[in-house]
Structures are given as C-alpha cells and as structure tokens.
Amino acid sequence: MLALSVLARLPLGINALAIVLLMRHEGYSYGAAGAAAGAMAIGVGVSGPYISRLIDRHGQREILAPLAIAHAVGLAIIVMVALAHAQVGIIVLASLVGGIAFPPIGAVMRPLWPRLLADRPELLTTAFALDAAIVELAFVGGPLLTALIVTVASPAPALALSAVSSVVGTLALTSLPPSREFRPTPKREDRHFLGALQSPGVRTLVAATLPVGFCFGAVEVTFPAFCEDVATRGVAGLLLAIWSLGSGVGGIAYGARHWTLPAYRRYPRCAIALPLGFLPLALPSSVAVMAPLAFISGLSIAPLISTGSHLVGDIAPEGTVTEAYTWPITALVVGISLGNAAAGAIAGSAGWRESFVIAACAALLGAAIAVTQRQTLQPAG
C-alpha cells in the first residue's frame, strides 16, 4: 500500500516542475509557466474536499479510478496545447482542470490506517508518521526524475511518466483489499451542508494549517533567493532536498516512539516547535551554514502533519472521515500558493532574510491558533 501510494502521488513532485520546463522549452515566459503550474496546484487543493465527500458516499475505486484517467488525459492535453504554442489562457485552463481531476490519495490512505490497525491502535502514530515521511519521497524523487528525463530527452516525457504513475498507482492501490473493503456511509437525510467543517476541531486544524502552508511556500521560494545571493541559484535544489530529508527523518523518529500523550495534546506542542526551527534560517550567510539549519527546520514538519492526520480521525463527524482528512491538505496547498507569491515579492523588495522571518511568523500564527483553540481538538466523549 505504501509503495503504491508513493507511485500514485509521484505527480505531486513532477507536475509543477515539468510544466514550467515544458513551457520554457516552448518559448513561454516564466510568468506564464508559473501561472500554469499554480493553476494546477489550486485545482488540486480546491477539488480535494469535494472529491473526498463523493468517496465517503460512493466508495474509493468508484471515484478514484475515473479521476486518475481524467488527470492523465489532462496532462496529455497540457502537452498538446503547449507544443502547439496555444495561448497562455488555454494552457492555464487545461492545468486547472488537470489539477481538479487529481486523485486525493493522501486523504484516501489515512482513513484506512485505523481499519488496518484496529487490533493495534498503539501503532496508529507510527503509521501516520511513516505515511507523512514517505510522502517526502514523491517531493524528492519527482523533481529528480524530471531533471533526469529532461537531461536525456525533453519535458514532455516527464509529464507522460506522471500520467502513467497516477493511473497505475491509483488503480493498483484501489484494487487492494483495504481499499476494496472501504464501505461508503449510508445516505442520511440530516447530512450537514458543511460536511466535515461542521466540526469545530476540523475548522481549527484548517485555520492552523493555512499559515503553516504559507510558511512552507515562502521557504520554497526564499531558498533560491538566498542561494542567488550567496552562491548560485542551482544550489537551492540541494537545500530543498536537505529540508525534505529533515522532514522524513523527523517523521520516522517521531513514529518510532511510543507516545502516551494523546494526539489532541501533542498537536499544539508540535505546532509550537515548527517556528522555532524556521527562525534561524534568517541568520546564515553561506550554504555550508544554511544546510544543517535547513535539515533542522525540516525535522518538525512530518511530526506536525502526522499528528494532525491522527487527530482528524478522532474529531471528524460521522460519515465525513475522508473529506475531513482532505480539508487540512487543501489549507496546506492554498497556504503554499500564497506563500510562494508573497515570498517572491518580499525577497525581491526587502530581502531573503526578511522573507524567512515572515515565513517563521506565519508558522507562529499557526501555533497560536492551535494553542488558543486546543479545546476544540479534544474528541467528544
């Protein structure tokens, strides 16, 4: 399941970079390429909760299999219109539609863990931490595969690989017994129009995750600005990989420990740890000093995400569990998009140090929300 989930989520690490490289290869501006990549990210984030609501009502394979195929078709259309040198608006629209059709694999995986570990609930923390750490493989492996393919061929085959991995991974994952045995919630007449958001705890997680996403998006853009100032822009890829490695190591270490503190009490503590790791990024003046600080700043990412995932299952309203897992992901994606845009402006006008400080302040805001609203995170009963 984990291996197939990585394969199905590999497009998350391929699509944005491959779209940018494809459009630049065909003569489009960076602004146009960024708009197309951003449109796909927005499509993924906005559609996730509503797709998950359909999964809660109709089942996993019934919804995910058509979506994976639609996403692959969307990627093919992006390649065709880019190679035909179509207007930027057409490519942006194709990217948005392709993103809307992306299967929310992360939200689908997380409801399966409590079922798989029903007789070993003490392993849930480990499972969620492992899942969060393994997601980093998609974000590290995707860009590396894209770079390799572009080096020996062109950007178009990278998007072809993305399409194949989405279809094969999703169809194989949903053919396994845990996914096949997932049963839709019986139709209820009193279903609330807010769905999972009727839960105060889910709303708190969404509100706390949005500024955290802003922090991550700002850091993604600020690392290249830092490298352009003290070294070369290409070194940013190394720092981002080290950052992701730190998250993976932090997730594995967090999951390996047996926690007696319940998830609703661990989450605010993890949220407080996050900005403490990001503030020092504004200090170094060399890549050699920045590299270990990037690793340290990543250590608290996967533990925070995995604790939030564990918590969602405890506070989600009945019949909305898949949707509930998706809302924090949507908040994260939207926050990342906002952080990307804001950091570009801040780093260009004020400087990369100020951009790192703003990123840490955003994470601090997320921690403040988690701490002040912590009572809403406690499961009922």
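I began with burial: I call a residue buried under 20% relative accessible area, exposed over 50%, and partly exposed in between (1.4 Å probe, protein chains only). This is a predicted model, so I noted its limits: local features need pLDDT of at least 70, side-chain atom pairs count only at pLDDT 80 or more, and totals for chains, interfaces and linings use all residues. Residues are numbered from 1 along each chain as its sequence is written, and side-chain values use heavy atoms, with hydrogens and water left out.

**Entry: Thr170**

I looked up Thr170 and found 0% relative accessibility, so Thr170 counts as buried. Thr170 sits in helix α9 (residues 155–174). I take helices (H or I, at least four residues) and strands (E, at least two) as DSSP runs, numbered from the N terminus. The side chain of Thr170 reaches the backbone oxygen of Ser166 at 2.7 Å. For contact I use heavy atoms within 4.5 Å. Beyond its neighbours within four places in sequence, Thr170 touches Ala8, Leu64, Ala68, Pro103, Ile105 and Ser165.

**Entry: overall fold**

I noted 17 helices and 0 strands for the chain. The radius of gyration is 20 Å, close to the 21 Å that the globule rule gives for 381 residues, so the chain is as compact as a globular protein of that length. That radius is taken over C-alpha atoms, and the rule is 2.2 Å times the number of residues to the power 0.38. The C-alpha atoms fill a box of roughly 55 × 45 × 35 Å along the principal axes. Buried residues make up 52% of the 381 residues. Among contacts between residues at least 6 apart in sequence, 84% join residues at least 24 apart.

**Entry: salt bridges**

How many salt bridges are there? I count a side-chain nitrogen of Lys or Arg within 4 Å of a carboxyl oxygen of Asp or Glu. By this rule I get 3 salt bridges.

Arg9 pairs with Asp131, with the closest N and O atoms 3.0 Å apart. Arg9 lies in helix α1 (residues 2–9) and Asp131 in helix α8 (residues 124–152), so the pair ties together parts 122 residues apart in sequence. Both Arg9 and Asp131 are buried.

Glu323 pairs with Arg53 at 2.8 Å between the closest N and O atoms. This pair links helix α16 (residues 321–349), which holds Glu323, to helix α3 (residues 30–58), which holds Arg53, 270 residues apart. Glu323 and Arg53 are both buried.

Arg120 pairs with Glu122, the closest N and O atoms being 2.4 Å apart. Arg120 is partly exposed at 39% relative accessible area, and Glu122 is partly exposed at 37%.

**Entry: nonpolar cores**

I define a nonpolar core as a set of buried Ala, Val, Leu, Ile, Met, Phe, Trp, Tyr and Cys residues joined through side-chain atoms within 4.5 Å. The largest has 63 residues, and those with the most contacts inside it are Phe216, Phe223, Phe278 and Phe356. Its largest share, 13 residues, comes from helix α11 (residues 200–230). I checked Phe223: beyond its neighbours within four places in sequence, its contacts include Trp243, Met290 and Phe356. Apart from this core lies another, of 29 residues, among them Ile19, Val20, Ile91 and Ala94.

How values were computed:
A polar contact is a pair of N or O atoms within 3.5 Å; within protein, one must be able to donate a hydrogen and the other to accept it, and residues adjacent in sequence count only if both atoms are side-chain atoms.
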